[in-house]
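Dear colleague,

Please find below the sequence and the structure that I am handing over to you. My notes on what was found follow directly after it.

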Amino acid sequence: MSEQHPARINSLDDSGIWHRRFLLLFAVVSVAKVALAIRLPLFVDEAFYWLEGQHLAMAYSDLPGLTAWLARLGVEMGGQHALALRAPFLVLAGCVPWLVARMTAREFGAAAGWQAASLALLLPLAGTLGVLALPDVAMALATVLCLDAAAGMLRRVDWRNAAQMALGLAIGALSHYRFAAIIGAGLIALLMLQEGRRALRDPRSWLAIAVGALAWLPLLAWNFQNADAGLRFQLVDRHPWTFHAEGAWFVLIQFALVTPLLLFALAAASHNAMRSAAPAPRMFAIFGGFIVLAFFALGFFADTERVSFHWPLPGYLALLLVLPGTLARWPRGLRAATWATAALGLVVAFAYLLVASVPRARVEAAAGKWYPANFAGWDPLAQAVREMRAGMPGSTRLVADNFKVGAEVGFLLGDPRIEVLDHPLNHKHGRAPQLRLWGLESPGKPKHDVVGVQGRSDARAENLLLMVGVTQVKFSALVRHYQQLCDHFGSLPPPRFVNVDHGQQRFALFAMPARGTTAGAGERCVPPAVAHIKSPEPARAVPPRFVVEGWALQDHVGVEGVTITLDGAPVAEATMRHHDAWVAEFYKGRSRDPDHPNVGFRAEVDASGFTPGRHWLGLRLRGRDGSEQEWAEQAIDIAH
């Protein structure tokens, strides 16, 4: 037993108390996770993993195969709904705290084991594992399996430890490219210890490593066959590899996600464990400290546009193993505060997921910075697609403009063959090569030579329902995106818009009837209008009487009128054709609006009949072609 861990945490009485506390906490957290897994709409990555599972393969462009296999297993056993998809991940995540308890108890005593396991439930990044069907679940399980096996090997290498090490390495290799960093950190930790170097000289250790290495072969084979597209995305394309100060946010976010006192305690535990006489605590500290610090440093050079805050989790899991002894040395009040803030952090994490799962709560969050866009809007979109397709011929094809829409609607409709246009998001998230391999990427073609996937005519000989994620395009690029759709399809009918949460999520549905011949060279394609409110700014306080200024443009026809709305009710008609200098400069050579740059509008609003407080300011746009759309709303606060 390590000298760093006071005897009092290992007493039989304390062991029983902590065991009961852990069981209660495990039950509460598990029930909460299952409840969220039932209600929470699929995150966009989950939907794509479902899609991968419907096209079973040994590896994919973005990941090895295990995550997709688990997703397929879930829906095959439980049906086409979110809980079934997530069920295998919930089971694997539930194993992690038990493994933490076992290995911590072996090194530091039973009470310490139950404490570490309880902290593994309260750590927000670990406590929420399994709610979402993500590769981090299998990576976390693989990490603790390997750490447990390595700790055993420090004492004596046997076939049981070697088999467990091989299993952990294989699971990790089949879960994510990032597991390579886990392997590297583990080798560094073993090489820094005399006992670790002795273990590595045993042939059984290298047999386990060889088995783990074989698990990488499907991913390597996929990259060999596809010009290293996956490796290039993970190691080159998604990272700037130049220093950027935004990495400081990565570190600050860790304080919020781990909770400040717990993060400080983990750092102190790592320092204390490095002075332990026993090799296992030092190995845990070296491994955990290296992973956490390496990812902290990487944050200043790597990708900042995609979610990466979960990367250090394997390091935190290792440091949790040596944490109980450090906490036992702290004053009672500080210990209580550490446990309380960790519990509060988990509650906040669950609350965020709950907000994402409850439409009414999500509406309240629509004006905030942390609006859960990747969870929002998929059910209303799928319902609108069902309604529109019901009025179209049975042979109507569904086409999405990006992988998010295609995967999410595909899951909700049970259709894994929805085609997807070539979209920047597909490349940004490394999904374009996979869509292309499946024959689901519908390439853009000039409108007079519109040939789709497998030689079919796009929107010409077939009926087609096009689903466009309007808010998944940068606003500055939206006009160009509509123009590209025109280039692809030749013409666009007036769309049906699906506005979710005051338009924080917007989709446009274009029902395109079959056309036997391509359009003539002179045919105009009229896309939807695009607008912007310049004043008042979102979430700003305004007096009961205020002025709304902005601009609205629509290629080829122009915007005939703009109605200002408050909470959906019309309150003013705007005057049109005001010159807008910003539009004149930014859209120079881009806009095809006949009124450009005189596309500004202005309206005086009398909101004295509205109660003071939060309201939603919107626009109703009318094009000269007879089209009409409700633009996204923005929050304003009417002052007293």
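In which helix is S357 found? The residue S357 is found in helix 19. Please bear in mind throughout that this is a predicted model. S357 has a relative accessible area of 6% and is therefore buried, since buried means under 20%. A polar atom of its side chain lies 2.8 Å from the backbone oxygen of L354. Not counting residues up to four places away in sequence, S357 touches L36, R39, L40 and P41.

The nonpolar cores

In soluble globular proteins, nonpolar side chains tend to be buried together. In this model the largest nonpolar core has 154 residues. Those with the most contacts inside this core are M283, F284, Y316, L323, M467 and L509. Helix 7, which covers residues 135-155, gives the most to this core, with 15 residues. Leaving aside its neighbours within four places in sequence, M283 is in contact with L147, A150, A151, L154, A189, L190 and L193. Another core lies apart from the core described above and has 50 residues, among them V470, L485, A574 and L619.

The aromatic pairs

The structure holds 24 aromatic pairs. How are the rings of F264 and W330 placed? Their centres are 5.9 Å apart and their planes stand at 35°, so the pair is tilted. This pair links distant parts of the chain, 66 residues apart: F264 is in helix 15 (residues 260-273), and W330 is in the loop between helix 18 (323-329) and helix 19 (332-357). F264 is exposed, with a relative accessible area of 54%, whereas W330 is buried, at 12%.

The rings of F475 and W631 have their centres 6.3 Å apart and their planes at 70°, so this pair is edge-to-face. F475 lies in the loop between strand 4 (464-469) and helix 25 (478-489), and W631 lies in the loop between strand 15 (628-630) and strand 16 (634-638), so the pair ties together parts that are 156 residues apart in sequence. F475 counts as partly exposed, at 32% relative accessibility, while W631 counts as buried, at 11%. Both residues belong to a cluster in which ring pairs link F475, W551, W582, F586, Y587 and W631.

R21 lies over the face of W18, at 4.7 Å from the ring centre. Likewise, R204 lies over the face of W159, at 5.7 Å from the ring centre.

The salt bridges

Side chains of opposite charge can pair when their charged atoms come close. The count for this structure comes to 28 salt bridges. What is the N to O distance in the salt bridge between R431 and D45? It is 3.1 Å. R431 lies in the loop between helix 23 (424-428) and helix 24 (432-438), and D45 lies in helix 2 (residues 44-53), so the pair ties together parts that are 386 residues apart in sequence. R431 is buried, with a relative accessible area of 3%.

The side chains of D580 and K534 also meet in a salt bridge, at 3.1 Å from N to O. This pair links distant parts of the chain, 46 residues apart, with D580 in the loop between strand 12 (575-578) and helix 26 (581-586) and K534 in strand 7 (residues 530-535). Is D580 buried or exposed? D580 is buried, with a relative accessible area of 4%, whereas K534 is partly exposed, at 41%.

R624 forms a salt bridge with D595, and the closest N and O atoms are 2.9 Å apart. R624 is in the loop between strand 14 (613-623) and strand 15, and D595 is in the loop between helix 26 and strand 13 (600-606), 29 residues apart. R624 counts as partly exposed, at 39% relative accessibility, and D595 counts as buried, at 16%. Finally, a network of salt bridges links R102, R106, E107, D148 and R155.

One further residue

V91 is found in helix 4 (residues 82-108). At 55% relative accessibility, V91 counts as exposed. V91 and W206 are 115 residues apart in sequence and 30 Å apart in space, C-alpha to C-alpha.

With kind regards

Methods. Residues are numbered from 1 along each chain as its sequence is written. This is a predicted model: local features need pLDDT of at least 70, side-chain atom pairs count only at pLDDT 80 or more; totals for chains, interfaces and linings use all residues. Side-chain values use heavy atoms; hydrogens and water are left out. Rings of Phe, Tyr and Trp (its six-membered ring) pair if their centres lie within 6.5 Å; planes under 30 degrees apart count as stacked, over 60 as edge-to-face and the rest as tilted. Helices (H or I, at least four residues) and strands (E, at least two) are DSSP runs, numbered from the N terminus. Buried means under 20% relative accessible area, exposed over 50%, partly exposed in between (1.4 Å probe, protein chains only). A charge sits over a ring if NZ of Lys or CZ of Arg is within 6 Å of the ring centre and within 35 degrees of the ring normal. A polar contact is a pair of N or O atoms within 3.5 Å; within protein, one must be able to donate a hydrogen and the other to accept it, and residues adjacent in sequence count only if both atoms are side-chain atoms. Contact means heavy atoms within 4.5 Å. A nonpolar core is a set of buried Ala, Val, Leu, Ile, Met, Phe, Trp, Tyr and Cys residues joined through side-chain atoms within 4.5 Å. A salt bridge is a side-chain nitrogen of Lys or Arg within 4 Å of a carboxyl oxygen of Asp or Glu.
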